[in-house]
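Hi there,

Here is the structure I promised to hand over. Have a look at it first, and then read my notes below.

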Amino acid sequence: MTTNEYQVTGMTCGHCELSIREEVGEVAGVQDIAVSAKTGKLTVTGAVDDAQVLAAVKEAGYLAVRAA
């Protein structure tokens, strides 16, 4: 199981966090999600493909990039 971190732009509140959590939670292989509007960070644990996570974030209405 791996943990990947992403930087998300556009999050400002708890509703933003919830929207991202719901979309990313539908990606196959996701075990755990931590998202913070305050820091702009999204952490996803599980066997997931970056492209699927980034697409889910985009579906929620936000942009994300994989953190270094």
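The element names come from DSSP runs, numbered from the N terminus: helices are H or I runs of at least four residues, and strands are E runs of at least two.

Before we go on, please keep in mind that this is a predicted model, where local features need pLDDT of at least 70, side-chain atom pairs count only at pLDDT 80 or more, and totals for chains, interfaces and linings use all residues. Residues are numbered from 1 along each chain as its sequence is written, and side-chain values use heavy atoms, with hydrogens and water left out.

**More on α2**

Which residues of α2 are buried? They are Val 53, Ala 56 and Val 57. Looking down the axis of α2, these buried residues fall within an arc of 100°, so they line one face of the helix. (The arc is taken from the directions that run from the helix axis to the C-beta atoms.) On the face turned away from that buried side, α2 carries the exposed residues Lys 58 and Glu 59. Just after α2, Gly 61 takes a positive phi of about 105°.

Leaving aside neighbours within four places in sequence, Val 57 is in contact (heavy atoms within 4.5 Å) with Val 8, Ile 20, Val 24, Leu 42, Tyr 62, Leu 63 and Ala 64. Val 57 and Arg 21 are 36 residues apart along the chain, and their C-alpha atoms are separated by 8.7 Å.

**The first helix**

Does the length of α1 agree with its residue count, or disagree? With 12 residues at 1.5 Å a residue, α1 should span 16 Å, and its end C-alpha atoms are 16 Å apart, which agrees. (The expected span is 1.5 Å times one less than the number of residues.)

The buried residues of α1 are Cys 16, Ser 19, Ile 20 and Val 24. Seen down the axis of α1, they fall within an arc of 120°, so they too line one face of the helix.

**The core**

In soluble globular proteins, nonpolar side chains tend to be buried together. A nonpolar core, as used here, is a set of buried Ala, Val, Leu, Ile, Met, Phe, Trp, Tyr and Cys residues joined through side-chain atoms within 4.5 Å. The largest one has 20 residues, and Ile 20, Val 24 and Leu 42 touch the most other members. At least two residues of this core come from each of β1 (2-9), α1 (14-25), β2 (30-36), β3 (41-46) and α2 (50-59).

How many disulfides does the structure hold? It holds 0 (a disulfide is a pair of cysteine sulfur atoms within 2.5 Å). The sulfur of Cys 13 is 3.5 Å from the closest cysteine sulfur, in Cys 16, which is too far for a bond. Cys 13 is partly exposed, because its relative accessibility is 33%. Cys 16, at 6%, is buried.

Thr 45 sits in strand β3, and Thr 2 lies in strand β1. These two residues are 43 apart in sequence and 5.6 Å apart in space, C-alpha to C-alpha. Thr 45 is buried at 16% relative accessible area, whereas Thr 2 is partly exposed at 43%.

Ala 47 is in the loop between β3 and α2. At 63% relative accessibility, Ala 47 counts as exposed. Beyond four places in sequence, Ala 47 touches Ala 28 and Gly 29.

Happy exploring!

Technical notes:
Buried < 20%, exposed > 50% of the residue type's maximum accessible area, 1.4 Å probe, protein only.
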